[in-house]
Amino acid sequence: MLTLIKDTLTSQVVTLWRVFSHLWVKADTVEYPDEMPYMFPRWRGRIILSRDPDGEERCVACNLCAVACPVDCIALQKTEDDEGRWYPEFFRINFSRCIMCGFCEEACPTNAIQLTPDFEMAEYERQDMVWEKEDLLIDGTGKYHDYNFYRVAGKKIGGKDKGEARNEAVPVNVRSLLP
Amino acid sequence: MAKIVIDGVEYEVNPDNNLLQECLSQGLDLPYFCWHPSMGSVGACRQCAVKQYRDEDDKEGMLVMACMTPASDGAIISLEDEQAKSFRSDVIESLMISHPHDCPVCEEGGECHLQDMTQMSGHNYRRYDKKKRTHRNQYLGPFINHEMNRCITCYRCVRYYDDYAGGTDLSAQASHHHVYFGRHEEGVLESEFSGNLVEVCPTGVFTDKAFSQHYSRKWDLQTAPSVCVGCSVGCNTAPGERYGTLRRIVNRYNSEVNGYFLCDRGRFGFDYVNSRERLLEPVKRVDNTGELLADDEIKAVIKEFSREGTIGIGSPRASNESNFALKTMVGDENFFAGYSDSESESMAAVLTLASDKAFHSPSVRKIEEADAVLILGEDVTNVAPRIALALRQSVRNKAMDLASESRIPQWQDAAVRELAQHERSPLSILSPAVSRLDDIAADRVIESLPALVAMGHQIANKISGSAPAATSPEHDAVAEKIAAQLKGAKRPLIVAGSSNGSELIKAAANIARALHEDGEDAAIDLCLLVPEVNSIGMGLMAAEENSLGVALDKLSSGAAKRVIVLENDLYRRAAKSQVDSALDKAEKVLVLDQVTTATTAKADVILPVTAFSEHEATYINYEGRAQLSFQVHQCQKMAQPAWRWISDAAHIDDLVERCCSEAPGFAKLRDVLPGENPFIAGMKVPRQSHRYSGRTAMIANVNVHEPKQMEDKESIMSFSMEGISAQKDPSIMASPWAPKWNSNQSISKFQDEVNGELKQGHVGSLLFEKTASGSYFDVPAVAAQPSGKQLHLALSYQIFGSDELSARAEPIRERMTDAYVGICPEDAQSRGLAQGDVATITPTGAPVVVCIRTGVKPGTALLYCGDANISPAEFTGLLEIEKSAAQATSRGISSLIVSDFQEEEI
């Protein structure tokens, strides 16, 4: 009985002391949003579509992000310009479903789709969480600055003829008899 | 049977096959490129290398190409051997040296045999750091895209296009690593089967151009097993839908019907489903404008049309269920055939012959086995294209026989071709003009239609004296020769059709009957082609005396007050004046159709009907094979299957059941139904692949709250990704997929052996019972001879344009011509006509383009009616052509592909 009283008193006094002693400790709480936390560049937040170093849309509408997406929240449709460049006619992400897993970024063969450190995506209306290409497309290259898919791939587009991609020889003259 | 050991496991195999075939038949994964199940082996790509051991003591072994090595008894091989594996990996590494790193922007990506094989062989990074060779592409027409950079020079394209399909304008050019596959100059690929290049090419050199314009990956397409509605062959297809529109059609394997290939009409002619000409709302005519019908009004209309005094006109392009529903609604005696009167006559003959014990109606696969063929007056390439491709294979049976004599296996493609050179099984063509099959014909006779009929009877008489005699002295020697060829053949085949009346069918039947009497008791292959997907089904449904002419007379005379026209444009079936007077006289006209036609313009009420991909239906092909076509996607608007508008049946299965028991000849139709739900826990088969993407975003722009998944109460398939995957039961598998095999080559995983039937597969159900025994037809009286400026008429058909619905598809339109009349240079000269002139034809006075062809019989005019308002029913055997001052029409005849087109003099 005596031990019980002793233990209880000790425990309460210690607890009071702990609380009291914290008056002189520096607070951990960050005064968000007045004070913004540092977000690491590879944080997986809001998804963007980037442009290549030439300022053209990087996305070629290959559909790999959509198929990699575990919650199927990406939908797009391929279309093509007059000179053969593929791009998405529409590109839609339903952020109310997105789990920020980053699989889309990992699947993207052109570094077009990227996750950014922005996490401030709350909306009052769920419908506002559906983002179209106009909302997603940024004007820069995002995290990856140099890669330009069409400069590597051997498909002819406006401004890049056959044989002008990286590591390509000039087109073969089929009629030539030379070796 | 032989026994071979593969990696220590013993397998029972067929010694006539090669090791690659047997490895695939046994379900093993062995990479390959140049081999194709229907084209045999040439050993070009070196990808299927395996280790073969002399005997059990041989530990070294040697590398052999599996596709070039027979699966002989006692063979011991290894697929897993390290040397074999590294050889295969090195081969693919060298094939990939110049591959252009463009999978993301390649239409083949995701269903690419090259991707699969590269993964399977374990090649990852390009070590070679020299430059990639590049090629310029060619324009190959509205169907096919060309991207030569992707080529790995397996030669499959030219082996298919030239050797298999008989094309002449695709070739391998240049040499060494510059080899180029293309045309000698840019231009439309001429073959009617060019679309198969898309599936034959193991990578993305040849891709579907129309599909690319609204591209989706294979895994994103909602598919279901379907049947092509382009002609009467009934090829099996797998249409794919995404975002509510039909995107493409690919081949679906059926061992008895189309095998691995489709024609271009079937592959590219579906676009009308998405077209603006579709009827999508029920409307009634009010002062020459359409007004939307409310539900209760529709009920009232149906009630009104259920009363006495209504007749129904069926349709050869509508399903059995819709025709049956109409027949039940109006009563047997008021149900009329939906094709022209001349076709009624032909159909009567075809249906009588179908139940005759003396004849056998061959499937496409069986046609390939024929060793002597006679084509009587039918332009097979343009009427039933897939059969023309099969006929091309039939003439190779001589080569196969020669190969067997020399003990060369049949799969040794190059060796068999080298041995046979130009030796072919006899194929004779009797027609009014040259045709696209002439290059394989041993004999061909160009004659007017009455002369062809006489010649047919003459051949019959020469085979068996009991057949009625006819004389055509000019061609006596050829007739003698053809008769001898047919008599000497093991499996002779006679091909005719209803394109030009019933007399040719009767002559063909007489030849087959003569062969039957002459030979042993075996039934003779008699292939009678009919024009449309369900011509046979419609023919079985309508009583013989209930022809369209009778129906129109009933309306004009007032004996019938109301008419229901089912999926039919009557102006294509009967003379304009006749249809006009009938529809004007009728009190009320109800038309159910998919698209706007001249007939819907006359309708008082129009009810919109779903297209082939939007409903489940059964069709009966030329040989009496009933096949089930599943619904692929929902119609976005108010169209419904025709039977749903006019019948109270709740379910298509009910209608099929009733059709089986009530309609004569349909008893076996129920065999095509999947039967009692064979699936675990009542789960359905998903129409969407297990990788279907975008489920929660596709319609999120409309409403972020996803609706409940669409239910399908009709069939055993569901509009979702969930359920028992179709791979478990290939009888309802639209698009084959197996682990490691994303391309259509995965079909070998579902065949009981390579080229065999699908495991648990459904090849359709043959409806006709062979019970009757008939007798010879009489030789017809001599036909009316042309007088003055008249010419014999022969109706001509075009693969692109003659079919009513596919002619509304955009890619097909680019290949179509205007209505034309084909005459020989002499006839043109005597009438003062030049190539491309516009002429009018009597009796209708319709304008047609003059097409001067050197291969047309003098005195005969070929009339191609086009999609314009010329009804073949207006003409009776003779035709007059007058030069007209009218301007040249929009399309002209520039896209006509015939071998005998007379070039303009310069």
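## Ground rules

Because the model is predicted, local features need pLDDT of at least 70 and side-chain atom pairs count only at pLDDT 80 or more, while totals for chains, interfaces and linings use all residues. Residues are numbered from 1 along each chain as its sequence is written, and chains are lettered from A and ligands numbered from 1 in the order in which they are written.

## Chain B as a whole

Chain B holds 25 helices and 38 strands. Both are DSSP runs numbered from the N terminus: helices are H or I with at least four residues, strands are E with at least two. The radius of gyration, taken over C-alpha atoms, is 28 Å for chain B.

Of the 906 residues of chain B, 59% count as buried. A residue is buried if 20 or more other C-beta atoms lie within 10 Å of its own, exposed if 12 or fewer, and partly exposed in between; the C-beta atoms are placed from the backbone. Two residues are in contact if their C-beta atoms, placed in that way, lie within 7 Å. Among contacts in chain B with a separation of 6 or more, 74% join residues 24 or more positions apart.

An automatic or database assignment sets the domain bounds. Chain B has domain 1 (2–95), domain 2 (346–530) and domain 3 (791–883). The C-alpha centres of domains 1 and 3 of chain B lie 55 Å apart.

## A helix with two faces

Helix H21 of chain B covers residues 576–585, and its buried residues are B:Gln578, B:Val579, B:Ala582 and B:Leu583. They sit on the same side of H21(B) because they cover an arc of only 115° around the axis. That arc is taken from the directions from the helix axis to the C-beta atoms. The cover over these buried residues includes helix H20 (548–557) and strand S26 (588–593) of chain B. The face turned away carries the exposed residues B:Ser577 and B:Asp584.

## A three-strand sheet

Three strands of chain B form an open sheet in the order S28-S29-S32, with antiparallel pairing. Strands S28 (617–620) and S32 (765–766) of chain B are at the edges with a single partner each, so one side of each has no neighbour in the sheet. Two strands pair if DSSP finds at least two bridges between them. S29(B), residues 625–629, pairs with S32(B) over two bridges. B:Arg625 stands opposite B:Leu766 in S32(B).

## A buried loop residue

B:Glu368 lies in the loop between helix H11 (364–367) and strand S20 (372–376) of chain B. It counts as buried because it has 20 C-beta neighbours inside 10 Å. Beyond its neighbours within four places in sequence, B:Glu368 is in contact with B:Ala390, B:Gln393 and B:Ser394.

## Where the chains meet

The contact takes 40 residues from chain A and 33 from chain B. On the chain A side, the elements giving two or more residues are helix H2 (64–68) and strands S2 (74–80), S3 (86–94) and S6 (168–171).

One pairing crosses between the chains: S6(A) and S6(B), residues 132–134, run parallel and are joined by two bridges. Here A:Pro171 stands opposite B:Thr134.

Key
The radius of gyration is taken over C-alpha atoms; the globule rule is 2.2 Å times the number of residues to the power 0.38.
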